Amino acid sequence: MKQYETVIGLEVHVELATKTKIFCGCSTAFGGAPNSHTCPVCTGMPGSLPVLNKKVVEYAVAVGLATNCTITKNCKFDRKNYFYPDNPQNYQISQLYLPICRNGGIEIETEAGGKKTIGIREIHMEEDAGKLVHDEWGENSLVDFNRSGVPLIEIVSEPDMRSAEEVIAYLEKLRMIIQYLGASDCKLQEGSMRADVNLSVREAGAEEFGTRTEMKNLNSFKAISRAIEGERERQIDLIEAGEKVIQETRRWDDEKEYSYAMRSKEDAQDYRYFPEPDLVPVLISDEWLEEIKAAQPEFQSEKMERYQTEFGLPEYDAGIITSNKHLADIFEQTNAICNSPKKVSNWLMVETMRLLKEEDMDVEEIRFSPENLAKLIKLTEEKVINSSVAKEVFEKIFHEDIDPESYVEEKGLKTVSDDGALRSTIEKIVAENPKSVEDYKSGKKKAIGFLVGQTMKAMQGKADPGMVNQILAEILDA
Amino acid sequence: MANVISDETIEYVGILAKLELSSEEKEAAKKDMGEMLDYIDKLNELDTSSVEPMSHVFPVHNVFREDEVTNGDGHEDALKNAPERKEDTFVVPKTIV
Amino acid sequence: MSLLGLTAVEAGKKIKASEVSVEEAVKEALTAIEKKEEKVNSFVTVDREGALKRAKEVQKGIEEGRYQGPLAGVPVAIKDNMCTEGLLTTCSSKILGNFIPTFSSEAVRNLERAGAVILGKTNMDEFAMGSTTETSFFGATKNPWNTEHVPGGSSGGSCAAVAAEECFYALGSDTGGSIRQPSSFCGVTGLKPTYGTVSRYGLIAYGSSLDQIGPVAKDVTDCAVILETIASHDKKDSTSVKREDYDFTSALKDDVKGLKIGIPRDYFGEGLDGDVKEAVLNAAKELEKKGAVLEEFDLSLVEYAIPAYYVIACAEASSNLARFDGVKYGYRTGEYDGLHSMYKKSRSEGFGAEVKRRIMLGSFVLSSGYYDAYYLKALRTKALIKQAFDKAFETYDVILGPAAPTTAPKLGESLSDPIKMYLGDIYTISVNLAGLPGISVPCGLDKKGLPIGVQLIGNCFEEKKIIRAAYAYEQTREFLHCTLAD
């Protein structure tokens, strides 16, 4: 069989973290009653007119600067015309001819450990559509315009990616940058970051690109990986069978692991873009650009540097913790309370990572509060609980965000460090295990481990292991 | 008539504009559009190669709102004129099959 | 003379002096409407109850000193493409036949803040697309001077209502001549301000880059007072311009000494009716007698304005009117099979022929493969037309010409030949493309007894110059009331 190369470009939509919509003063908050966050502008009432939210421009420019784009000093909005009920005006205000950012790119690390630049063709500002709820049994769909007019940026990459791994690495990098900027929370599951995948295949070594398809409805990194694999196979099968790939938009069904064509005679895909006459051009002066630059928060490289100098974390640890803004935020917030950077870092690097892996979760899904982790660290530092109990309590914090102090109290998990109580238990254990005592005395010093274990078991794990060791040694060596 | 509008073109524009024309209307539309385009072709007499397209007549720019919530619950106003309403949503024929 | 024979400012003075109550003024207007509507059909909606209730409030407001301006208590009619909260707003279309806005347009709010009383909404060409007010879903409006003739359009209802003296003044909108041409046909004064002077918020858009709201009244003084009231810098309209001054009434001076008036030869060529030509040139001579300096010149590009306009206006309209789809408001067809069938049937049944014609053309010129050839070409032509005006205004203060090539045609004569109808806008359209202010002032009658208007065009933001010239000219003649006026 022939060898094929996959060529992938992405269109990533990111919901910006503004308080209000792009063209009106309605709230962007999630979860309101249907159509409660609406006004004449975002429901397309006759006579209403859009007015641009300044913050949207600033976020878009910030993302453009952070992704090495050239900022378009004189940019304009265009109308994209198409009929759909979630689109109240039946046109979307977007940017085609003069998008705000162009010709950028970001560097990703490849699987082989090398570095590769993924080009960014453009970033443009646009408005989101409303939401359609489909009546499962009836003949209707229901329209809610609460999301209509929520600001988006669309980041269009060059077709520079060659594998699902590169796509994920690009998305993770993009997400990290945008989260660091505070421009969006970039949650795939909640739809505040969405990726459309443009994919084609060509024979290895070919210069011309193959015909591409665009896949929509990808709401997790895993769905993206599966969709890329599935679509790659579908296209190769077509080519091998002597058929042609049709340029079209396809909808990925992650459960069936197959994409479906979204074609219809009524969707001409001829958007008749023209300059939006209701909005005036945006001029971005050098002064404004400098202001936006100056207002940018600390980036990963700066943060990583600071974690090493200020907190004394090893480079490796600082790298992992700052690789995700959410993780770095948890680190800083926790440390601000308990002031033991190395311990906070350890909990995040070891136990948190282990549980995430076990639960097949993303760093973004970490829900526990920094306060509870800080309390846990304090409990261990004060030797109120020992390390094995601490691990058990942390699992509860990780899953349910419990308050460790009251939990330890309720469950009676405090370490027993009362000399008398410990001594009597240990004496009992020693009496019950003459074989081990004999082994120990005959020079097999390792036998003490079994006795420590038996003591901890009898104490239900709550004993201070240091004290157990010390008392045992005293009795045995006496 | 220099511009001859085909049935396919009228059909296609109908899809774009979401207009369904009767056969008489289609014939009339073909004729009207052809004549209008002939008339519009008069613009080709002008050499505009060195002229920038002017979308906005005055050099007004950077008109912004601050990012502050100014609108409250608008659902009653939004739905007041709805042809078909279910609770607080607009009802449309099902968009997916 | 009846009360309705007065200008808005004269009526306002009487109300202020307590010679007439607001309620009396409103009642007289309502009576006139009742008497004349059968013949003229200038209104789509008459808000009898609302107007009478409002009259009492305004009367109280005047007595308490809350309303002190010249228009306080004076009844007005509003073109039916401006949203009025709680009052039917149809754009004379079936598709908006039941639409009740939840907010008022900014121009209307500005009038209300000045104590205006809205009588109702005036008829128009459907979505302002037309030059005769015959494309209205609610039937044609007739010219009060001769009801066998059209009133012009698209603000035909507003102009006919003022001419027939069913109201003291009205608001119209002008995208390609829709205030100036019907003002000329109805023998009233209508002003189209510089683009951006009056907020478009709440004006149901036809061609967004061209639309402007403006006054229709009996004389230039009224127009200046009304403009001063409705003009404002509105943060809800991004294209609204913050002007240096809004005191348009300060230009009401009978003084044109040294004013340089350019007369474009291209406005007096083929296609211009002889009576119109003579009346317009006589108006120019009157101004010359008062000390203005007349000079003929070549404006150029006049014949390219109409094709460029139709490309731009129809393209914008095809997009602006996409929102009328049977989902959120307005007409939805009774029977349909699925979403796209609902869209197509609602729109096809809801829009009239002229609107559909323009939506089709607009969709086509923007479609894939034609955008550069048509739309961009039209935008480049617009730039050239603007340059031509810029050049003219380096030399002249005001440009003078006819508002329309003929007087009002007979009903039913125009719609059969769209291009011929479009040619009727030849003297007004380029003003919209360049965003300039223009005013049409009555300057006589033709042999058939139909009114003729002279148009004065100013450079952008120079309304005061055209107001001054129009006012000075107006002092040379008497206002003519039409036969339906008494």
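Guide: In this predicted model, local features need pLDDT of at least 70, side-chain atom pairs count only at pLDDT 80 or more, and totals for chains, interfaces and linings use all residues. Residues are numbered from 1 along each chain as written, while chains are lettered from A and ligands numbered from 1 in the order of writing.

Visitor: Why are α1(A) and α2(A) called oblique to each other?

Guide: Angles under 35 degrees count as roughly parallel, over 145 as roughly antiparallel, 65 to 115 as roughly perpendicular, and the rest as oblique. The axes of α1 (residues 54–66) and α2 (residues 164–181) of chain A come within 10 Å and cross at roughly 130°, so α1(A) and α2(A) are oblique.

Visitor: Which residues of α1(A) and α2(A) meet?

Guide: Contact requires C-beta atoms, placed from the backbone, within 7 Å. A:A62, A:V63 and A:A66 in α1(A) meet A:I177, A:I178 and A:L181 in α2(A). The residues of this contact comprise 6 nonpolar, no polar and no charged.

Visitor: How many residues of chain A are in contact with chain B?

Guide: On the side of chain A there are 40, in contact with 33 residues of chain B. The largest share of the chain A side, 5 residues, comes from β10(A).

Visitor: Which strand of chain B is joined to β2(A), and by how many bridges?

Guide: Strands pair if DSSP finds at least two bridges between them. Here 2 bridges join β2(A) to β1 (residues 64–65) of chain B, and the two strands run parallel. Within β1(B), B:R65 is the bridge partner of A:N53.

Definitions and conventions: Axes fitted to C-alpha atoms, helices over the stretch in contact; angles between N-to-C directions. Helix = DSSP H or I, 4+ residues; strand = E, 2+ residues; numbered from the N terminus. Contact = placed C-beta atoms within 7 Å. Nonpolar A, V, L, I, M, F, W, Y, C, P; charged D, E, K, R; others polar.
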